Structure formats: structure tokens, C-alpha cells
Amino acid sequence: MKGVSMTQLKFPEGFLWGGATAANQLEGAWDVDGRGPSVMDYVTNGSHHSPRIFTYPERPDRYYPNRSGIDHYHRYEEDIALFAEMGFKVYRLSISWTRIFPNGDDAQPNQKGIEFYRNVFLACKKYGIEPLVTINHFDMPLHLSQKYRGWASRDTIEFFMNYVTVIFNEYKDLVKYWLTFNEINLVTNPFGSLLAGIPQDDGASFFSMRPETEAQRSERFTALHHEFVASAKAVILGKSINPDFMIGCMIAGMTGYPHTCNPDDIIAAQQAMNFGNFLCSDVQVRGEYPGFAKRYFRDHNVTIDLTPEDEVLLKEGKVDFYSFSYYQSHCVSVDPDILKKAGNMSFGIQNPYLKASDWGWVVDPKGLRYYLNEVYNRYQVPVMVVENGLGAVDVKNEDGSVHDDYRIDYMRQHIEQMAEAVADGVDLIGYTPWGCIDLVSAGTGEMKKRYGFIFVDKGDLGDGSYDRSRKDSFFWYKKVIASNGTDLE
Ligand code: BG6
């Protein structure tokens, strides 16, 4: 292993190597077998330079890429067999809420949806792959958004619990690992209102900064609070159904460095980490709002309907482990000139020591070690990296090969840093790189921003055979898993 120190770098026995996907980005079959529409089905494609937009009603001249995904709904057996060939120990996927409850507030669940995921889990079991299920990954039934304002309404907690009750009971013997909400902390950011199902104007842009009134900000934090309560209730219910369940939170891990050693930059970076990362996990791992959140609410006139009953639930429904996605780091500065130059970058200022991907995501493997230490020192619970990877353009050759050495390089460096963190004492239990099979990009809706070990022959507008083929990284990752992370060459 490169970059060795005197301590031998290795991963613990039983380390969970695997990969991650989300229903809305890979299943397709959006209106098949009784599935109802979700908000993401009404988000168009975009690109690095033109935002995806939410439209309702749909526009005949626009393409909605999540509706077809990579047609995993009809090809899951082939896909899971490929994961097994790489030696996956764990497969992170999400359940589509509207396959189980098409409108979200239906009296009865959709049996076809229940059957689909049972078959997926049985396919995993056949290969000895442990499923890791995200209960909600950017997934709000359109009907709940339109009728109730999504998570802004307390009623949504009850609808969510109906869904959770069904999936926990149906799959209690097939699934042990669960995550409640994907990247819940994105809702601390104004663009998170769409993810929280708060109705958007026709044409609203997805994933970009947007102005907000004070009332809208309060509504967004109220929605986030309802997600916290729902998460806690899910943990409590899960433990009563199967005490062996391991239920985690899932945070978008954003490492923020001070741009300089000016104490103002240091404080600004600390506050950015607190607010952007730790607010949500403090609630979900420690069971209460941290002081800096209360201060922010006071200073910004944010009101949330936190009841005494909620406070008890948050304390009782603490998660068992901390999981997060990690792609990049950024710098934080208070210098108005630097801020002006950075323009409207949502995630801060670029680090002059690091390079960015073709989509402007700054590659920083050491930031992963830093982040792992930060969260483990703070919470002292098991940690899992449930997303990481390089979104890049791949070229498929005539013989079906894809030479993605840049991806191998990216992953090697990140795995080395995870091993460093393990040596630092972090209780790291698993790694599921993002988009282990090419799928629709959440941020841009493109197919050409690929993360997979498996190439999927689909273009940005849905063209192609949807055939699967193995990239060079497929064979490399297989070796990594077989050697438990010691053979990274
Ligand atoms: C995470 C999400 O934010 O990043 C995934 O949980 C997403 O859904 C991934 O796909 C990568 O982002 P993008 O925009 O490159 O697809």
C-alpha cells in the first residue's frame, strides 16, 4: 500500500465492501406495476452549466431522465449478479416510497411494489450480499408534496410511518442495515426545500442557490424538524420489530477548511462545519439540537414546532451509526474579494492546492481522513462511508472495454486515506462507493457523468441499448475486495 507509515494499514475483518445506488436514479419503470409519481419524476435533465428544473405539469419538449433510470427494475438480477462477481459484501439501495404507497396517503400498500423489493433482497441473499437500505433517498410522493406541502406538514410523519411499518415488517428477516434519510443535511440549505417536498414553482431550479423569505426559511427548518422526528420514530419502531436492526443517519459530508489562518476564517469554517454537517447528526446521534442551531434559529427568526413530545422522541430514537457521502472539500473565507471571485458556488471556495473534476468537484482524498476523524471523535459510534467516487466521462471501446484508470486512481487514494483513518482509531465498518453501476446523475440529470464499475449503454437523452459491460475498475475493485483493501495496485 502506498503512503505507508510505520503502522500497518489495513481494514478490519468483516469490513463491508460494496457499492451504492438510489431507486430514483436507477430503477426507471416509473409508472409500472402500480408505482405512483414522485417529485423527482418531474425534474428535467440539465448539465454542468444549465440547472435541472422542476416542472409541473410536464413539458412535452423536455426529458425527464429519472423516469427511465437505467431500467434496473427489469434488470436487477443481472445487476446484482455483477455486484456479486466483484465480491460485494453489502449493497446500498433505496426503496421508492411510491412503489409501496403510490400516493403516500393510501390506505393499503401496493403488493407489486412489496414483491419487487422482496425479490431484490432475495437476489442479494442468494449471493451472500447484505442489503443496506436507504428508506428515503430524494424521494417524495408528488401527491404528498402537492396536497400537504411535503415534510412541511406534520401529517407527513404519519404517512411516512405507515410506509416504514410496511417495509420493516415485510423485510425484517432480509434486511438488517437501514438509513433513514439520504443527505438529510441538504435541507439546511435553501435548495433543500425541493428535496423536502415543499412545493416549487413550475420551472424552479433543482440544486442551485435560491433566495428565500423568512417564512420560507422557517418552513424549511420545520420540514427538517419533521424529518428528524420521523427518523427517530423509525428507529424506535425498527428496534421494536427487530432488535438486531442497525439504523443509521446519512449526512452529505462536506469538509470545510479555513482559507487562511486569519481567526475570522477559522471561526467561519468551524461554523460552516457545525451548521452544514453537525447540526443534523447532533440531533440524530446525540438526540438533541445543538446550541449553535438554537442560536441560529433565534438570530434568524426561525420558528419550528418542536414539542415536548418531540424532544423525548429525539432522545429515544438515536441512530446506531453514522454514515455519510464524501466527494469533495472546500475552503471558507470571510474576505469579500475572494467571496466575490467564488461567485455562487454552493459549496464554498476552491482550494489552491487541489484540482477539480470536469464537473468542478474538488478531489481531496486527505479530506476524507480528516472528516472521518472529525466525526468519530465527536460521536464515537461506528462510521460508514456510503458514497464516494469520481463522476467522469468514460469511453467504451468497440470490444466493450472501458479504460477508467482515472477512477481507479481516485478510489485508490481515497481507500488509502480510509485505511489511515482506521489506523487513527476510527471505527470504520464499511465502504459503498456511489453509483457502482452507471446511473442518472442527481445534480445534472446526465448519464455522461458516470461513477460506475459497470458501464451502462445509455445516453443523456435516454438513447442506447442499456446493455451493461465491465470497466477496468470492475476488475480492480474485485481485487481490492478479495484482499480486504490491501491490494490497491
Ligand atoms: C449525492 C447523492 O449527493 O451525490 C446521490 O446522494 C448523487 O444521489 C451523488 O447522485 C453524486 O452526485 P451527482 O450530482 O454527481 O449525481
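C331 is buried, with a relative accessible area of 4%. Buried here means under 20% relative accessible area, exposed means over 50%, and partly exposed lies in between (1.4 Å probe, protein chains only). C331 belongs to strand β8, residues 321-332. Strands (E, at least two residues) and helices (H or I, at least four) are DSSP runs, numbered from the N terminus.

Leaving aside neighbours within four places in sequence, C331 is in contact with Y257, H259, G348, I349, Q350 and N351. Contact means heavy atoms within 4.5 Å. C331 and C436 are 105 residues apart in sequence. Their C-alpha atoms are 29 Å apart in space.

## Basis of the model

This is a predicted model, in which local features need pLDDT of at least 70 and side-chain atom pairs count only at pLDDT 80 or more, while totals for chains, interfaces and linings use all residues. Residues are numbered from 1 along each chain as its sequence is written, and side-chain values use heavy atoms, with hydrogens and water left out.

K366 sits in helix α13, residues 365-379. K366 is exposed, with a relative accessible area of 59%. Not counting residues up to four places away in sequence, K366 touches Y257 and Q417. Y257 is also among the contacts of C331. K366 and M418 are 52 residues apart in sequence and 8.8 Å apart in space, C-alpha to C-alpha.

Q417 lies in helix α14, residues 405-424. Q417 is buried, at a relative accessible area of 10%. Its contacts, leaving aside neighbours within four places in sequence, are P365, K366 and R369.

## Cavities

The structure holds six cavities of 30 Å³ or more. A cavity is a set of points, on a 1 Å grid over the protein atoms alone, where a 1.4 Å probe fits but cannot get out. Grid points are joined across faces, edges and corners, and a volume is the space filled by probe spheres set on the points. The largest cavity contains about 80 Å³ of space.

Lining residues have an atom within 4 Å of a point. For the largest cavity they are N136, F138, D139, W151, F181, N182, E183, I184, V187, L195, A196 and E227. Seven are nonpolar, two polar and three charged. Ala, Val, Leu, Ile, Met, Phe, Trp, Tyr, Cys and Pro count as nonpolar; Asp, Glu, Lys and Arg count as charged; the others, Gly among them, count as polar.

E183, one of the lining residues, has a positive phi of about 45 degrees although it is not a glycine. E183 is placed in the loop between β5 (177-181) and α7 (192-195). E183 is buried, with a relative accessible area of 11%.

G192 is in helix α7. At 0% relative accessibility, G192 counts as buried. G192 touches L186 and V187, not counting residues up to four places away in sequence. V187 also lines the largest cavity. G192 and R210 are 18 residues apart in sequence and 10.0 Å apart in space, C-alpha to C-alpha.

## Backbone features

A cis peptide bond joins Y56 and P57, with omega about 5 degrees. P57 is in the loop between β2 (53-54) and α2 (72-86).

A29 is a residue other than glycine with a positive phi, near 45 degrees. A29 is found in the loop between α1 (23-26) and β2. A29 is buried, at a relative accessible area of 9%.

## Aromatic rings and charges

Rings of Phe, Tyr and Trp (its six-membered ring) pair if their centres lie within 6.5 Å. Planes under 30 degrees apart count as stacked, over 60 as edge-to-face and the rest as tilted. By this rule the count comes to 42 aromatic pairs. One of them joins F11 and F15: the pair is tilted, 4.8 Å centre to centre, with 45 degrees between the planes. Both F11 and F15 are buried. One aromatic cluster is formed by F11, F15, W17, F83, F88, Y91, Y431, F453 and Y477.

A charge sits over a ring if NZ of Lys or CZ of Arg is within 6 Å of the ring centre and within 35 degrees of the ring normal. The charged end of R67 sits over the ring of Y42, 4.8 Å from its centre. The charged end of R99 sits over the ring of F116, 5.6 Å from its centre.

Key
On a 1 Å grid over the protein atoms alone, a cavity is a set of points where a 1.4 Å probe fits but cannot get out, and a pocket is an open set with protein on both sides within 12 Å along at least five of seven lines; lining residues have an atom within 4 Å of a point.
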